Amino acid sequence: MSLSSALSIAQSALMNTARQTSVVSRNIADASNPDYTRRISVITSTAPGARFVDVQRAANDLLFRQNLGALSAYSGQNALYSGMDQLDVSVNGVDNASSPSTAIANLQQALQLYATSPSNQNLGSSVIDAAKQVVRSLNEGSKAIQDFRTQTDGQIDTAVKDLNPLLGQFEDANQAVMSGTRSGTDVSDALDQRDALLKKISNYVPISTFTRGDNDMVITTGDGTTLFETIPRTVSFTPAAGYAAGAAGNTVYIDNVPISAGTGGNTTASGTLAGLLQLRDGVASTMQSQLDETARGLITAFAETAPSMPNAAGLFTWSGAPAVPAAGTLVNGLAGTIGINAAMDPSVGGNPTLLRDGGANGLAYVANTTGGASYSNLLIAYGDRLDKPMTFDSAAGISATSSVSDYAANSIGWLQSVRQQASTAADAKEALAQRSADALSNATGVNIDQEMSLMLDLEHTYQASARMMKTVDDMMTALLSAVG
């Protein structure tokens with residue numbers, strides 16, 4: 001080997017070692033960056049004696065796709081569970097203290113006590129007060145649900161406004177990858193940026209990707225709707241100013257294709273948007289229907305009856321009074337409009353004894369025709385009706401045949417059951433997302449110990465190359481001296 005060849009080899013080795021050292025230093029510097037993929041420097045030979053460093057990313061497409069899917073599933077599940085927690089407290093209070101079920105139980109107790117001493121008008125007033133608490137629970141619960149739907153609508157709008165810019169940023173990153181690929185430059189940083197954006201996008205909607213020529217990437221949603229192809233597709237949504245019971249929520253569209261809401265406690269929703277849609281149009285709307293059916297059951301149970309006369313609203317009234325709502329038929333918004341019959345409310349000049357005797361709707365409905373102070377038959381009948389099975393609309397999601405008191409309790413049970421399923425599924429999906437992230441990190445992330453060990457090896461390589469150059473330099477010096 002000639003001295004010039006030896007010198008060239010030593011110089012090449014020093015340059016390659018410097019490049020490798022730079023790559024390792026970059027790995028160490030970005031070790032804490034979760035969106036950074038470890039760089040690997042590979043020595044490549046292109047011709048006898050010609051060697052250079054090729055920098056590659058330690059990517060794992062399979063683990064990355066699994067992580068994207070797990071992120072979407074957890075985001076949808078977490079959106080559902082978090083919202084249900086808030087909704088439960090807003091409607092039923094802590095430990096169900098302000099729930100309609102608790103208020104109805106208190107009404108039953110007051111009614112039973114009044115039936116034991118029907119001549120005691122103070123007990124009659126206590127029944128009216130307990131009924132007012134039932135009304136308050138239903139009215140406030142209905143308002144809380146519609147306020148929650150409006151709030152969730154705002155969260156959907158915010159998510160859409162966040163998603164569209166992310167798609168715009170993805171277009172820039174994808175263009176940088178394509179340009180770098182065509183020119184043959186290192187596109188590792190652009191690929192990292194593109195992958196980081198994919199993770200963020202997957203939090204909102206489930207995504208699938210495939211790569212075309214020049215590393216051009218196409219994104220579709222879980223159902224095949226194109227989200228990005230050359231340019232981002234528009235995600236659109238029009239929020240509502242407010243909600244009324246029974247009103248349908250506006251749809252989220254991706255390129256004019258609607259996003260479907262999730263179903264079930266262990267929700268089918270992938271991505272925050274589908275989870276929020278399920279909260280707004282599924283869980284919250286079902287709870288509203290259950291409150292409306294509870295209100296209808298109360299109006300029916302306390303309706304006044306008379307021979308040859310239609311049943312008329314008694315203790316509890318509504319906007320359609322004196323008529324009683326049709327049996328087994330949901331009346332949207334009834335829980336928000338149910339009230340106490342003014343004829344029985346002493347706070348507005350009413351007489352509580354009408355509850356004992358009947359007649360709030362006229363003389364034809366008077367049950368205590370003799371005017372006996374100890375008359376309790378009607379009070380007992382009302383108590384029996386609260387525990388007597390009646391027909392409820394099956395659209396409300398729970399048993400279609402039940403007593404009013406059981407129906408209100410079943411409503412709480414329904415929510416707690418779905419909430420428990422959502423909680424269990426959220427824990428499982430969070431664990432899966434974390435495990436997939438750990439697996440991806442182990443495969444593509446930076447291990448400081450490994451990098452420091454590699455840095456030590458490169459230091460030894462650098463020292464060997466430096467010694468080789470020193471030896472060649474000494475030999476050339478000696479040669480020149482001999483010639484001189």
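A pocket is an open set of grid points, on a 1 Å grid over the protein atoms alone, with protein on both sides within 12 Å along at least five of seven lines. The model described here is predicted.

The largest pocket has a volume of about 670 Å³. Its lining counts 34 residues, and those closest to the centre are Thr37, Arg57, Phe64, Asp195 and Leu440. At least two lining residues come from each of H2, helix H5 (188-202), strand S3 (207-211) and helix H10 (404-444). H5 contributes the most, with seven residues.

For the second largest pocket, 19 residues form the lining, and Pro206, Asp223, Ile259, Ser260 and Ser270 are the closest to its centre. Strand S9 (257-258) and helix H6 (272-301) each give at least two residues to this lining.

| Pocket | Volume | Lining by class |
|---|---|---|
| Largest | about 670 Å³ | 14 nonpolar, eleven polar, nine charged residues |

Strands S4 (residues 217-221) and S5 (residues 226-229) run antiparallel and are joined by two bridges. Isoleucine 219 has phenylalanine 228 in S5 as its bridge partner. Four residues lie between the strands of this hairpin, where glycine 224 has a positive phi near 95°.

S5 also pairs with strand S6 (residues 231-232), again antiparallel and over two bridges. Here glutamate 229 is partnered by isoleucine 231 in S6. The hairpin of S5 and S6 has one residue between the strands, and threonine 230 takes a positive phi near 70°.

Asparagine 92 belongs to helix H2 (residues 61-92). This residue counts as buried because its relative accessibility is 5%. Beyond neighbours within four places in sequence, asparagine 92 contacts Ala97, Ser98, Ser99, Pro100, Ile412 and Leu415.

Conventions. Residues numbered from 1 in each chain as written. Predicted model: local features only at pLDDT ≥ 70, side-chain atom pairs only at ≥ 80, totals over all residues. Heavy atoms only, no water. Buried < 20%, exposed > 50% of the residue type's maximum accessible area, 1.4 Å probe, protein only. Contact = heavy atoms within 4.5 Å. Pairing = 2+ DSSP bridges. 1 Å grid on protein atoms, 1.4 Å probe; cavity = no way out; pocket = protein on both sides within 12 Å on 5 of 7 lines; lining within 4 Å. Points joined across faces, edges and corners; volume = space filled by probe spheres on them. Nonpolar A, V, L, I, M, F, W, Y, C, P; charged D, E, K, R; others polar.
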